[in-house]
Amino acid sequence: MTSKLQTGIITLVSSAVLAGGGAVLAGPAAQATERSGDRVAAVPDPGVTKSVGGGNCTYTNWGGTFLCKSQVRHKLPNGHWQVFVIGTNKQAYSRWSSPGGGVSRWTPLGGQCIKPGQRSIDMAWVGTNKWNFAITCIGTNNKRYYSERFAGHDTGGRDGHWSKWRLNKY
């Protein structure tokens, strides 16, 4: 079902190869769930979060199943949205709207995040470029880790890459 979405999407995240606290943050294989109705063309906003039971939530427009109170929405400088959540397997995930319309697939960021509702997944700003930011996560050892997004230079920052997960400096 996601093969059409995967084709042609520029992945904003690289697979997170965890350094340092890797054993603490290493998570199981990705378990983002998608239903056939999750992919909606030209959706500008993820919508509101609603409970689907068992401590799990979903976005009304973008779907997915993740731990309630574990989501961060961010409006990118190009006006599109990117969200970060803790999946039901406690791994960090991201999804974003594309300039051509539509929504990416759920992309695993690695990590093992705990304590939803206590700012376990959060954002920190890196400098003044709105394309540079970090996602932070409380690992299973109760320490905060981060992965920074660095803007690329060829397309005004849209082709950025992510750092490895490291102990928090924010």
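**Disulfides, a sheet and a buried glutamate**

Q: How many disulfides are there?
A: The count comes to 2 disulfides. Keep in mind that this is a predicted model.

Q: Which cysteines pair up, in sequence order?
A: Number the bonded cysteines along the chain and the pairing reads 1-2, 3-4.

Q: OK, what does C57 join to?
A: C57 is joined to C68, with S to S at 2.0 Å.

Q: Where do C57 and C68 sit?
A: C57 is in strand β2, residues 56-59. C68 is in the loop between β3 (63-67) and β4. The pair therefore ties together parts that are 11 residues apart in sequence.

Q: Is that one right-handed or left-handed, the disulfide of C57 and C68?
A: Right-handed, because the torsion about the S-S bond is about 100°.

Q: And is C57 buried or exposed?
A: Buried, at 6% relative accessibility. C68 is buried too, with a relative accessible area of 18%. The cut-off for buried is under 20%.

Q: Now the other one. What does C113 join to?
A: C113 pairs with C137, S to S 2.0 Å.

Q: Which parts does the pair of C113 and C137 tie together?
A: C113 lies in the loop between β7 and β8 (122-125), and C137 lies in strand β9, residues 133-138. These parts are 24 residues apart in sequence, so that is what the pair ties together.

Q: Which hand does the disulfide of C113 and C137 have?
A: The torsion about its S-S bond is about -135°, so this disulfide is left-handed.

Q: C113 and C137: buried or exposed?
A: C113 is buried, and C137 is buried as well.

Q: Switching to strands. What is the strand order in the open sheet of 4 strands?
A: The order is β4-β5-β6-β7, and the pairing is antiparallel.

Q: Which are the edge strands?
A: β4 (72-75) and β7 (107-110). Each pairs on one side only.

Q: What does the twist average from one strand to the next?
A: The twist averages 25°.

Q: How many bridges join β5 to β6?
A: 5 bridges. β5 covers residues 81-86, β6 covers residues 92-96, and the two run antiparallel.

Q: What is the bridge partner of V83 in β6?
A: R95 is the bridge partner of V83.

Q: Last topic, E148. Which strand is E148 in?
A: E148 is in strand β10, residues 144-150.

Q: Why does E148 count as buried?
A: Because its relative accessibility is 4%, and buried means under 20%.

Q: What joins the side chains of E148 and R166?
A: A polar contact of 3.0 Å joins them.

Definitions and conventions
Residues are numbered from 1 along each chain as its sequence is written. This is a predicted model: local features need pLDDT of at least 70, side-chain atom pairs count only at pLDDT 80 or more; totals for chains, interfaces and linings use all residues. Side-chain values use heavy atoms; hydrogens and water are left out. Two strands pair if DSSP finds at least two bridges between them. Axes are lines fitted to C-alpha atoms, for helices over the stretch in contact, and angles run from 0 to 180 degrees between N-to-C directions. Buried means under 20% relative accessible area, exposed over 50%, partly exposed in between (1.4 Å probe, protein chains only). A polar contact is a pair of N or O atoms within 3.5 Å; within protein, one must be able to donate a hydrogen and the other to accept it, and residues adjacent in sequence count only if both atoms are side-chain atoms. A disulfide is a pair of cysteine sulfur atoms within 2.5 Å.
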